[in-house]
Amino acid sequence: MRFTFPQPVFDQTAQSGHNQFGDLPDWDLTDLYPSTDAPEVKRDLDWLEEHCASFAEDYEGKLADLDGAGMYDCILRNERISQVAGRLGSFAGLLYYQNTVDGERAKFLSDIQDKITNFTAPLVFFSLEVNRIPEDTLEEMLKHDGLARYRPIFERMRKMRPYQLSDELERYEHDMSVVGASAWNKLFDETVADLKFEVNGETLGIEATTTLMTEQDRSVREAAAREIGKVLGQNIKIFSRVHNTLSKMGQVEDKWRGMPTPQTGRHLSNDVEPEVVEALRNAVVKAYPKLSHRYYELKRGWLGLDKLQVWDRNAPLPMEETRTVGWDEARKTVMDAYAGFDPRMAEIAEPFFTKGWIDAGVKPGKAPGAFAHPTVTDAHPYVMLNYLGKPRDVMTLAHELGHGVHQVLAAGQGELLADTPLTLAETASVFGEMLTFQKMLKGAKTDAERKIMLAGKVEDMINTVVRQIAFYDFECKLHEARKGGELTPQDINKIWMSVQGASLGPAFEFFPDYEVYWSYIPHFVHSPFYVYAYAFGDGLVNALYAAYQEQPDGFQDKYFDMLKSGGSKHHKELLKPFGLDASDPKFWDKGLSMISGFIDELEAME
């Protein structure tokens with residue numbers, strides 16, 4: 001995925017255990033800038049201010065009069081501006097998310113964001129003016145050899161043409177961005193950063209507390225789940241205000257732009273047709289009974305319970321031994337799986353471990369979760385983890401490293417074309433997980449070990465497909481309900497519970513405080529409607545992996561070509577060499593059948 005900042009967390013207990021899993025790596029951000037007060041930062045800010053102003057002076061009001069060579073020079077200058085602004089923003093953001101409670105880092109991020117917004121304000125004219133160029137004039141320009149490769153950029157801009165505001169309103173939108181959604185995002189982040197959870201005498205952040213819900217001891221899982229519900233409930237008014245405001249802001253913008261649905265903007269940015277997303281959503285919802293409902297009924301029996309509670313959803317199986325996976329073992333597991341697929345993949349991944357491209361430990365103030373941020377194409381990606389030695393953390397490493405490999409390969413497209421739409425950006429990450437899982441599964445020595453691995457994989461796939469589509473439905477219902485007026489926390493709670501019951505199935509009952517669990521999920525705040533990209537990626541990878549098993553010869557070269565394409569091709573064009581088409585509803589059934597097949601195998605073991 002293109003990087004979106006996840007929620008931060010302050011974990012008071014993490015520091016003492018930072019290296020208990022081995023020598024966990026930290027980021028070396030000096031590849032971007034030596035420090036916040038380095039002369040290179042001022043140099044690039046000064047350059048950005050000067051070149052944004054000169055770009056506007058040279059091109060505003062003149063784009064339609066350019067020939068192909070002139071537009072090519074214009075695009076190259078635009079691309080260089082994006083690169084310098086991206087380097088500054090990446091450095092400030094990554095530094096901040098290493099420690100979100102550090103006031104100096106927070107100030108540096110805000111100052112950089114303000115300056116980038118101010119300096120780039122004169123560039124707002126560019127896409128607006130491009131969209132006023134007559135079709136035949138633009139087509140004549142695109143005959144230029146250098147400019148032709150940038151055709152996808154122009155095509156995406158043209159798709160936004162029906163929803164374009166006046167030049168003045170677009171400039172106003174640009175200038176207000178730092179105090180609009182961005183400010184509400186920061187309020188959300190800072191609120192979550194201040195949350196503290198008391199579990200069995202320990203004060204924890206949300207990352208460590210949610211991890212407790214994967215413990216073998218059910219009483220520990222329950223204590224963590226109840227504490228999360230209690231603390232979120234105490235802060236529910238703030239979270240409700242954030243969601244109400246952002247939803248209303250989106251509604252107002254959609255009205256002014258004439259966008260038919262709240263999801264339209266996301267689909268356009270993902271370069272995916274609404275009917276493709278709808279086909280995915282419908283296929284997954286239709287499959288709930290044969291996927292999540294069926295699996296959780298099996299799990300209910302394995303745990304010997306009349307009903308499952310939410311703290312049982314990710315519980316280990318009774319025969320599963322509690323095991324801590326050291327960092328060196330996790331690294332070897334993933335790298336062996338990558339090398340087994342193709343040595344080139346491991347070679348690309350190696351610098352992440354050896355050159356400070358991964359920040360792995362749980363530390364005070366560090367953002368929770370995990371991500372891979374591509375930064376800019378003349379640098380390299382950075383991966384963030386919160387490694388706690390769980391078997392699932394190995395899969396998270398495989399996932400984020402897959403993103404990193406993808407981002408390294410796509411960088412050859414240049415700044416404007418390397419960015420992969422979210423629907424395809426999850427491909428390499430989920431494929432990396434699948435390679436790692438299949439490698440580990442082949443190494444299973446007993447039926448019990450195989451069962452544990454299969455169950456873990458099914459749960460991960462349910463979390464990626466079923467749960468994310470349920471999240472997407474929650475967002476769709478919330479934004480629709482907000483059109484009718486302000487939503488109370490209880491209103492939002494009811495929407496949340498309606499999708500949870502439908503997706504998880506009759507094996508579950510829900511304790512009262514679970515109704516507020518929607519409130520800390522960062523994607524709803526930072527990237528509305530983002531979540532379907534996970535399900536898209538999982539279904540796509542399942543179909544891709546099936547194609548790999550059916551026809552392994554030459555698959556690796558086609559796979560690398562796909563990753564190298566970045567955002568230069570539409571999903572139809574990228575999938576064609578594999579004989580796949582995401583616009584075909586049967587495509588999603590093929591992907592879902594892999595999950596169903598794993599559940600079939602688990603049932604056969606009973």
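This is a predicted model: local features need pLDDT of at least 70, side-chain atom pairs count only at pLDDT 80 or more; totals for chains, interfaces and linings use all residues.
View 1. Residues are numbered from 1 along each chain as its sequence is written, and side-chain values use heavy atoms, with hydrogens and water left out. Gly 229 belongs to helix H11, residues 218-234, where helices (H or I, at least four residues) and strands (E, at least two) are DSSP runs numbered from the N terminus. Between the C-alpha atoms of Gly 229 and Lys 248, which are 19 residues apart along the chain, the separation is 26 Å.

**View 2. Phe 21 and Tyr 387 form one of the aromatic pairs of the model.** The count of aromatic pairs comes to 47, where rings of Phe, Tyr and Trp (its six-membered ring) pair if their centres lie within 6.5 Å, and planes under 30 degrees apart count as stacked, over 60 as edge-to-face and the rest as tilted. For Phe 21 and Tyr 387 the ring centres are 5.9 Å apart and the planes stand at 80 degrees, so this pair is edge-to-face. Because Phe 21 lies in the segment before helix H1 (39-59) and Tyr 387 in the loop between strand E5 (382-384) and helix H18 (391-410), the pair ties together parts that are 366 residues apart in sequence. Phe 21 is buried at 10% relative accessibility, and Tyr 387 is buried at 2%.

**View 3. Tyr 514 and Tyr 517 form a tilted pair.** The two ring centres lie 4.8 Å apart and the planes make an angle of 50 degrees, so the pair of Tyr 514 and Tyr 517 falls into the tilted class. Both of these tyrosines are buried.

**View 4. Arginine side chains sit over the rings of Trp 47 and Tyr 150.** The charged end of Arg 80 is placed over the ring of Trp 47, at 5.6 Å from its centre, and Arg 149 lies over the face of Tyr 150, 5.1 Å from the ring centre. A charge is taken to sit over a ring if NZ of Lys or CZ of Arg is within 6 Å of the ring centre and within 35 degrees of the ring normal.

**View 5. The largest cavity holds about 50 Å³ of space.** On a 1 Å grid over the protein atoms alone, a cavity is a set of points where a 1.4 Å probe fits but cannot get out, and lining residues have an atom within 4 Å of a point; grid points are joined across faces, edges and corners, and a volume is the space filled by probe spheres set on the points. Two cavities of 30 Å³ or more are counted in this way. His 406, Thr 420, Leu 424, Thr 427, Met 562, Leu 563, Gly 566 and Leu 574 line the largest cavity, and these residues divide into four nonpolar, four polar and no charged. In this division Ala, Val, Leu, Ile, Met, Phe, Trp, Tyr, Cys and Pro count as nonpolar, Asp, Glu, Lys and Arg as charged, and the others, Gly among them, as polar.

**View 6. The second largest cavity has a volume of about 30 Å³.** Its lining includes Leu 280, Val 465, Asp 538, Asn 542, Trp 588 and Ile 595. Helix H14 (274-287), helix H25 (532-550) and helix H28 (585-604) are the elements that give two or more residues to the lining of this second largest cavity. By class, the lining has seven nonpolar, three polar and one charged residues.

How values were computed: On a 1 Å grid over the protein atoms alone, a cavity is a set of points where a 1.4 Å probe fits but cannot get out, and a pocket is an open set with protein on both sides within 12 Å along at least five of seven lines; lining residues have an atom within 4 Å of a point. Buried means under 20% relative accessible area, exposed over 50%, partly exposed in between (1.4 Å probe, protein chains only).
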